[in-house]
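Me: I'm new to this one. Can you walk me through it?

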Amino acid sequence: MNGSAKTQAADVIIVGGGLMGASAAFFLRQRGRSVILLERGLVGQQASGVNFGNVRRQGRHLIQLPLANRARDIWGRLPELLGEDCEFLPSGHLRVFYSDEFAAKGEQYARDAKAYDLHLELFAGNALRDRFPYLGRDVIMASLGAQDGHANPRLATPAFGRAARRAGAAIEENTEVLAIQKLGEDFQVETRGRGTFRAPNLIVAAGAWSGALAAGFGEPVPLTAKGPQMGVTEPVPYRIGPSLGVSTSVEADTVYLRQVKRGNIVFGGGTRGDADIEAIRAYVDPVNTLNQLPRLQRLVPGVGPLRLIRTWSGIESYLPDDLPVLGASEKVAGLLYAFGFCGAGFQIGPGVGDVLAELVDTGTTVTPIDPFHIRRFAPARAA
Ligand SMILES: Cc1cc2nc3c(=O)[nH]c(=O)nc-3n(C[C@H](O)[C@H](O)[C@H](O)COP(=O)(O)OP(=O)(O)OC[C@H]3O[C@@H](n4cnc5c(N)ncnc54)[C@H](O)[C@@H]3O)c2cc1C
């Protein structure tokens, strides 16, 4: 930590120490770039550290799959890259369907995803019951992404932060960014009591707080914050391998769960709660929890008798088209954005960090990210 009042300089400043910022810092150091990461609280304290932990590719917009594939490759190499596995368990991700209509969508998705190198296995009838005997009788079909699974969000982002620091990044926690100006070639970043920082490249990876920063550069976006509702049960013998999720258009029914090796069942989904970015608080509405419980039981009847030991939420940012903002600013040279991950940024996080580092280093990326460019909101701004 450095509380000095003099200006510190680097090739890149990152605002925000979530998974996007921390992994970008790590991959920038791998490319030999000097980097300063400025985090208001602790690395991984917000959405990146409190999420459900799904490492899931299926169900994403197809245009997100190349980025998700890049991320999946990194998840598999965490021990080699970071020296720890962050409890990433490639035990599969299973998407289940209750209706013919959604099962047909699932079949179509499985066909389309092949072109993106995501191979899904469909199960119905006896094959479904034999392979996943814990599923409820309402499940008529399930789609297995065998290479996916889950990881521990408490571990992943701090692990990237520590590895980045070991590789030479300046990871400045308890350092809130108050103002940013572009002075000539450089960004000058003022912080609360921790001095001034300068760099020719700036990455805005400030999660739900990125909207104000983008607006400050003349690129406002319709970013909103909500709190997905989480819970965890007491531990029971480990039986459910894959991470499970319901595919439906009924928001309240969109529950998901996973069992950790210690036996606890972590769950989430359904109606989201409120999140307050000023107070830095996301709230669990007990009514949402009560609505989740019968739906979890419909998915896996065996969870019915289990005791709930904790509920929580976190602040996530959403955009109306359910896609993130990722890539270069349209207005300011040297500025990159990575925010608005719409409840699905944990899996792609390491891929986002790798892409950001590649963009800074080479000016381009081999992974298609054009659909996520901030310019898509320009017509609405002009109107
Ligand atoms: C409850 C919950 C469940 C979820 N479940 C999943 C899941 O299972 N799978 C999945 O793929 N995704 C999931 N997500 C989404 C995923 O967690 C997020 O998309 C992802 O973590 C966003 O990472 P981030 O780095 O962009 O943001 P964050 O993790 O929010 O990090 C942004 C950081 O910026 C810092 N910051 C903000 N303003 C400033 C400032 N002015 N100065 C300095 N620092 C600042 C914040 O303190 C914060 O640490 C879930 C999200 C939540 C909340």
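Me: Let's start with Pro 228. Is Pro 228 buried or exposed?

Reply: Pro 228 is buried: 25 other C-beta atoms lie within 10 Å, and the cut-off for buried is 20 or more. Keep in mind that this is a predicted model.

Me: Where is the place of Pro 228?

Reply: Pro 228 sits in the loop between strand 14 (224-227) and strand 15 (229-233).

Me: And what is Pro 228 in contact with, leaving aside its neighbours within four places in sequence?

Reply: Gly 268, Arg 272, Ser 313, Gly 314, Glu 316 and Gly 343. For a sense of distance, take Pro 79, which is 149 residues from Pro 228 along the chain. Their C-alpha atoms are separated by 29 Å.

Me: Zooming out. What does the domain assignment give?

Reply: Two entries. Domain 1 covers 8-49 + 154-222 + 321-382. Domain 2 covers 93-146 + 229-313.

Me: How many Å separate their centres?

Reply: The centres of domain 1 and domain 2 are 31 Å apart, taken over C-alpha atoms.

Me: Which residues have the most contacts inside the largest nonpolar core?

Reply: Ile 13, Ile 14, Ala 25 and Ile 203. That core has 107 residues. Both domain 1 and domain 2 give residues to this core, so it lies between them.

Me: Pick Ile 13. What is Ile 13 in contact with, apart from neighbours within four places in sequence?

Reply: Ile 13 is in contact with Ile 36, Leu 38, Phe 187, Val 189, Phe 197, Ala 199 and Leu 202.

Me: Now the ligand. How many residues surround the ligand?

Reply: There are 40. The closest are Gly 16, Gly 18, Gly 207, Gly 314 and Gly 345. Gly 314 is also one of the contacts of Pro 228.

Me: Which helices each supply at least two residues of that shell?

Reply: Helix 1 (19-30), helix 2 (47-50) and helix 10 (345-362). Helix 10 gives the largest share, four residues.

Me: What is the shell around the ligand like by class?

Reply: It has 17 nonpolar, 19 polar and four charged residues.

Me: Why does the shell lie between domain 1 and domain 2?

Reply: Because both domains give residues to the shell around the ligand.

Me: Next, helix 7. How many residues has helix 7?

Reply: Helix 7 (residues 153-166) has 14 residues. From first C-alpha to last, helix 7 reaches 20 Å, close to the 20 Å expected at 1.5 Å a residue.

Me: Which residues of helix 7 are buried?

Reply: Pro 153, Ala 156, Thr 157, Pro 158, Ala 159, Phe 160, Gly 161, Ala 163 and Ala 164. What covers them includes helix 1, helix 2, helix 4 (78-82), strand 9 (170-172) and helix 10.

Me: What about Pro 153: how many C-beta neighbours inside 10 Å?

Reply: Pro 153 has 24, so it counts as buried. Leaving aside neighbours within four places in sequence, Pro 153 is in contact with Ser 48, Gly 49, Val 50, Asn 51, Gly 53 and Phe 346.

Me: What comes just after helix 7?

Reply: Gly 168, which takes a positive phi of about 110°.

Me: Which non-glycine residues have a positive phi of about 65°?

Reply: Asp 117 has one, and Asp 322 has one too. Asp 117 is in the loop between helix 5 (100-113) and strand 6 (121-124). Asp 322 lies in the loop between strand 22 (316-318) and strand 23 (325-328).

Me: Is Asp 117 buried or exposed?

Reply: Asp 117 is exposed, with 11 other C-beta atoms within 10 Å. Asp 322 counts as partly exposed, with 14 C-beta neighbours inside 10 Å.

Me: Last topic, helix 9. Which of its residues are buried?

Reply: Asn 288, Gln 292, Leu 296, Arg 298 and Leu 299. They pack against strand 5 (93-97), strand 15, strand 16 (243-246), strand 17 (255-259), strand 18 (265-269) and strand 19 (273-276).

Me: And where does Arg 295 lie?

Reply: In helix 9. Arg 295 is partly exposed, with 19 other C-beta atoms within 10 Å. Beyond neighbours within four places in sequence, Arg 295 is in contact with Ala 252, Asp 253, Val 255 and Gly 270.

Definitions and conventions
Residues numbered from 1 in each chain as written. Predicted model: local features only at pLDDT ≥ 70, side-chain atom pairs only at ≥ 80, totals over all residues. Core = buried A, V, L, I, M, F, W, Y, C linked by C-beta atoms within 7 Å. Buried ≥ 20, exposed ≤ 12 C-beta atoms within 10 Å, placed from the backbone. Domains from an automatic or database assignment. Contact = placed C-beta atoms within 7 Å. Near = placed C-beta within 6 Å. Nonpolar A, V, L, I, M, F, W, Y, C, P; charged D, E, K, R; others polar. Expected span 1.5 Å × (residues − 1).
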